[in-house]
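Please set out how this chain is folded.

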Amino acid sequence: MSKLIVSEEFLSQIELLQMMIKNNVAGQFGGNHRSKTYGSSCEFVDHRDYMEGDDISKINWNAYARFDKLYLKLFLDERQMHTRIYIDASRSMQYGDSKKAEQAIKVAATLAYLSVCEMDKVSVYAITGGRVEEIISGMVGKESYLASINKLNDIVFEGESRISEAILPSRVGYGDGMSVIISDFLTDEDYERAIDHLSDKKRHVLCVQLLSKEELNPQIRGKHHLYDSENIEKTYRKNIDRERARAYKEALKYVTDRIGNHCAARGADYILASAEDTMQQIFFDKLASREVLK
């Protein structure tokens with residue numbers, strides 16, 4: 001994208017958000033997120049403050065000499081979980097002054113940060129047409145996050161996306177973490193099979209449906225020339241009267257019920273969010289209320 005979404009200012013905001021979540025939400029990020037211990041492998045990933053009773057052999061004495069404070073070195077555990085985040089990169093995500101696309105990137109970046117803070121491995125993918133494009137692969141720890149997360153700014157939102165066709169052939173891992181699909185889900189294409197597939201792989205599935213304020217509560221009336229955002233050759237001339245506005249609201253309810261009910265049936269989590277929502281609203285008011293944060 002031409003606009004810089006993941007900026008230093010935004011990264012500072014989500015770091016503050018992570019601290020707020022840590023202080024206000026009991027437990028860890030992720031609905032069925034199992035607790036992890038740090039292993040004794042040779043792969044260093046991060047530091048934390050030394051606490052009484054910690055293994056003194058893992059103290060970073062060089063850091064102590066520099067900062068006059070005890071820090072414990074953390075190493076990657078072989079049982080580490082893997083958060084996989086899929087972003088719908090179709091043109092319809094640009095609807096509403098591109099705010100849906102921007103919001104999708106912000107949600108993905110925030111979810112990735114919360115995951116690396118729990119020492120999860122994180123990969124991020126863009127769904128373009130019927131394929132999955134790997135944007136970030138297996139980042140671990142905050143240093144890796146800061147070095148890689150800006151790649152999300154380069155995602156191009158165009159064409160259409162076929163979620164099931166893209167995800168099913170890809171490697172998803174069995175029972176090793178969370179899979180997140182971020183999309184407007186405004187499509188006749190099948191996405192249910194992707195949710196089924198991820199659930200069958202014993203992954204914790206979260207679907208985040210993002211819609212613009214114009215889609216959630218359209219105000220247009222009168223004669224308008226409309227077009228399909230994923231296929232601009234499909235155009236429509238309609239007189240938007242009260243009856244059509246009522247029919248639209250019924251269709252929108254069908255769309256949100258379709259994804260919400262299917263997630264519920266498969267034990268997956270689902271939230272509906274506006275492109276104008278803040279990260280605090282999404283992660284406290286919506287995810288916490290769904291007990292994804294608990």
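The report below goes from the whole chain down to single residues.

## Basis and overview

This is a predicted model, in which local features need pLDDT of at least 70, side-chain atom pairs count only at pLDDT 80 or more, and totals for chains, interfaces and linings use all residues. Residues are numbered from 1 along each chain as its sequence is written, and side-chain values use heavy atoms, with hydrogens and water left out.

The chain has nine helices and 10 strands. These are DSSP runs numbered from the N terminus: helices are H or I with at least four residues, strands are E with at least two. Of the 294 residues, 47% are buried. Buried means under 20% relative accessible area, exposed means over 50%, and partly exposed lies in between (1.4 Å probe, protein chains only).

The accessible surface of the chain is about 15600 Å², and carbon and sulfur atoms hold 47% of it. Areas come from the Shrake-Rupley method with a 1.4 Å probe; for residues, only the protein chains shown count as cover. Among contacts with a separation of 6 or more, 75% join residues 24 or more positions apart. A contact means heavy atoms within 4.5 Å.

## The six-stranded sheet

Six strands form an open sheet with mixed pairing, in the order S5-S4-S3-S6-S7-S10. Its edges are S5 (131–140) and S10 (269–274), each pairing on one side only. Two strands pair if DSSP finds at least two bridges between them. Neighbouring strands are turned by 15° against each other on average, direction ignored.

S3 (residues 82–88) pairs with S6 in the parallel sense, over four bridges. Helix H3 lies across S3, S4 (121–128), S5, S6, S7 and S10, and runs at about 180° to S3. Such angles run from 0 to 180 degrees between N-to-C directions, with axes fitted to C-alpha atoms, for helices over the stretch in contact.

The largest nonpolar core has 47 residues. Its members that touch the most others are Ile-85, Tyr-145, Ile-149, Leu-152, Ile-182 and Phe-283. Helix H3 (residues 99–117) gives the most to this core, with 12 residues. A nonpolar core is a set of buried Ala, Val, Leu, Ile, Met, Phe, Trp, Tyr and Cys residues joined through side-chain atoms within 4.5 Å.

Take Ile-149. Leaving aside neighbours within four places in sequence, Ile-149 contacts Val-6, Leu-11, Ala-109, Ala-112, Ile-136 and Met-139. A second, separate core has 19 residues, including Ile-127, Ile-167, Tyr-191 and Cys-263.

## Helix H6 and its ends

H6 is largely enclosed by the rest of the structure, because seven of its nine residues are buried. They are Glu-192, Ala-194, Ile-195, Asp-196, His-197, Leu-198 and Ser-199. Their cover includes helix H5 (163–167), S6, S7 and helix H8 (242–265). Ser-199 counts as buried at 13% relative accessibility. Not counting residues up to four places away in sequence, Ser-199 touches Val-205 and Arg-266.

Phe-185 lies in the loop between S6 (178–183) and H6 (192–200). Its phi is about 55°, although Phe-185 is not a glycine. Phe-185 is buried, with a relative accessible area of 2%. Just after H6, Lys-202 has a positive phi of about 60°. Lys-202 is in the loop between H6 and S7 (204–211). Lys-202 is exposed, at 53% relative accessible area.

## Aromatic pairs

The whole structure holds five aromatic pairs. Rings of Phe, Tyr and Trp (its six-membered ring) pair if their centres lie within 6.5 Å; planes under 30 degrees apart are stacked, over 60 edge-to-face, and the rest tilted. The Trp-61 and Tyr-64 rings have centres 6.0 Å apart and planes at 85°, so this pair is edge-to-face. Both residues lie in helix H2 (residues 61–67), three residues apart, about one turn of the helix. Tyr-64 is partly exposed, with a relative accessible area of 34%.

Phe-185 and Tyr-191 form another edge-to-face pair, with ring centres 5.0 Å apart and planes at 70°. Tyr-191 counts as buried, at 1% relative accessibility.
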